[in-house]
Amino acid sequence: MPAFVSRPTLLACAFADRATEGRRYPERPHPYRTEYQRDRDRIIHSKAFRRLENKTQVFGPEYSDHFRNRLTHTLEVTQIARTISQALGLNTDLVEALALSHDIGHPPFSHEGESALDAIMRSYGAGFDHNLHALTIVEDFEEKYASFRGLNLTFEVREGIVKHSRDYDGSEDLYLDIRHYRMGQRPPLEAQLIDLADEVAYNSADLDDGFDSGLLKLPQVLEGSRLFRRLYSQATKRFPRSSVKLRFREAIRSLIDHLATSLIEETRRRLDENSITSIETVRNHPCRLVGFDALCDEMNREIKSFLRRNLYDHPRLKAARNQARRLIEKLFDYYSQDPCRLPARHFSRLSENGPHWAICNYIAGMTDKYALYVFERTCSE
Ligand code: MG
């Protein structure tokens, strides 16, 4: 008989549906979907979500069709986050909406695209951050509803988008006004979870794709990560006759399991230790409560720095990144010389915040594929 996993009941400090601060434009409740299920569905049906398919995670499509792109990465983050959420007894509908939206603000060409746009926008006294851009997308750029702009998501999903990678105390000099998102407070546990589920997903996936691409070699990975070395040696003992590739994959599976288990157990321990029994105690706690235990945190950091040195900074990926940066700079320059070149929808917004914002938002919304297409038609001569 298979053993069935029972779902824990919702924790007292989980974010209950009835506690929502609601939507900017009030809407009638749906007869059979919760508010966070509706948010999840709105994100899946958005243009920004569909564009994730043609945005680079680490490897561009020139490498292989089965390496992660930003859409498949997002689905992996969502799966990991959902598992951890259910094990902890959190609000999984809210977790799912947050995980699915966590990367929708990414411009083309991954972090290089973001850093290029940020540098350009800083020269105009502004800046560019993909989490703040995601907020602009769900608040303004998505056009699906006749009665309002954006997706009209609940406060908690918008707050989670803003605080995806960091908290704010309200003193920051930001280009977007986010003061009403409870500055100085921690976001709900459901939102705290996403950044770490993101790390579990990309650390394991980047080792996997890095090895598959041939840019990372087995001895290098075994040398660079003590945790991976232990998991690989366990896989070798268990499957002595299987190929290196399969043992590597077994070790990757165990790695995801190991990191997710640490998140679940350490978070439970912190909630107990700090007597966290309500959403208010979560919000007012001096630091985030979802986290790895100390040893796992060290092992996870080791993998991150290994990947930075050996994969992200690999000469082949670096060359592609430099090319992407130049492409973004040239595109920005092309539209700055004559903003009339912008498509009508973006040109009509020139007067709102100035041409640099209209150009930045147009480029940020492009997929890698579309950015290359526009570049070839406009400024490749
Ligand atoms: Mg991500």
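Modeller: Accessible areas here come from the Shrake-Rupley method with a 1.4 Å probe, and for residues only the protein chains shown count as cover. For this chain, the accessible surface comes to about 18500 Å², and 51% of that surface belongs to carbon and sulfur atoms. This is a predicted model, in which local features need pLDDT of at least 70, side-chain atom pairs count only at pLDDT 80 or more, and totals for chains, interfaces and linings use all residues. Residues are numbered from 1 along each chain as its sequence is written, and side-chain values use heavy atoms, with hydrogens and water left out.

Colleague: How many helices and strands are there in the chain?

Modeller: Helices (H or I, at least four residues) and strands (E, at least two) are DSSP runs, numbered from the N terminus. By that reading the chain has 18 helices and zero strands. Its radius of gyration, taken over C-alpha atoms, is 22 Å, close to the 21 Å that the globule rule (2.2 Å times the number of residues to the power 0.38) gives for 381 residues, so the chain is as compact as a globular protein of that length. Along its principal axes, the C-alpha trace spans about 65 × 50 × 40 Å.

Colleague: What share of the residues of the chain count as buried?

Modeller: A residue is buried under 20% relative accessible area, exposed over 50%, and partly exposed in between (1.4 Å probe, protein chains only). Of the 381 residues, 55% count as buried.

Colleague: Which residues are the protein donors of the magnesium ion?

Modeller: Donors are N, O and S atoms within 2.8 Å of the metal (3.2 Å for Na, K and Ca), and water is not among the atoms, so sites may look incomplete. Here the protein donors are His73 (NE2), His102 (NE2), Asp103 (OD) and Asp198 (OD), which lie 2.2 to 2.5 Å from the magnesium ion. Along the chain these donors follow the spacing H-x28-H-D-x94-D. His73 in helix α3 (residues 70-88) and His102 in the loop between α4 (92-101) and α5 (110-122) are 29 residues apart, and the pair links distant parts of the chain. His73 counts as buried at 2% relative accessibility, and His102 is buried with a relative accessible area of 3%.

Colleague: What does Glu96 touch, leaving aside its neighbours within four places in sequence?

Modeller: Glu96 belongs to helix α4 and counts as buried at 13% relative accessibility. Leaving aside those neighbours, Glu96 is in contact with Arg40, Thr78 and Arg82. Lys144, by comparison, sits in the loop between α6 (130-141) and α7 (155-162) and is partly exposed, with a relative accessible area of 44%. Not counting residues up to four places away in sequence, Lys144 touches His45 and Leu151.

Colleague: Where is Ser275, which has a positive phi?

Modeller: Most residues other than glycine have a negative phi. Ser275, although not a glycine, has a positive phi of about 45°; its place is in the loop between α11 (244-273) and α12 (279-284), and Ser275 is exposed, with a relative accessible area of 53%. Arg182 also has a positive phi, near 50°. Arg182 is found in the loop between α7 and α8 (189-213) and counts as partly exposed at 26% relative accessibility.

Terms used. Contact means heavy atoms within 4.5 Å.
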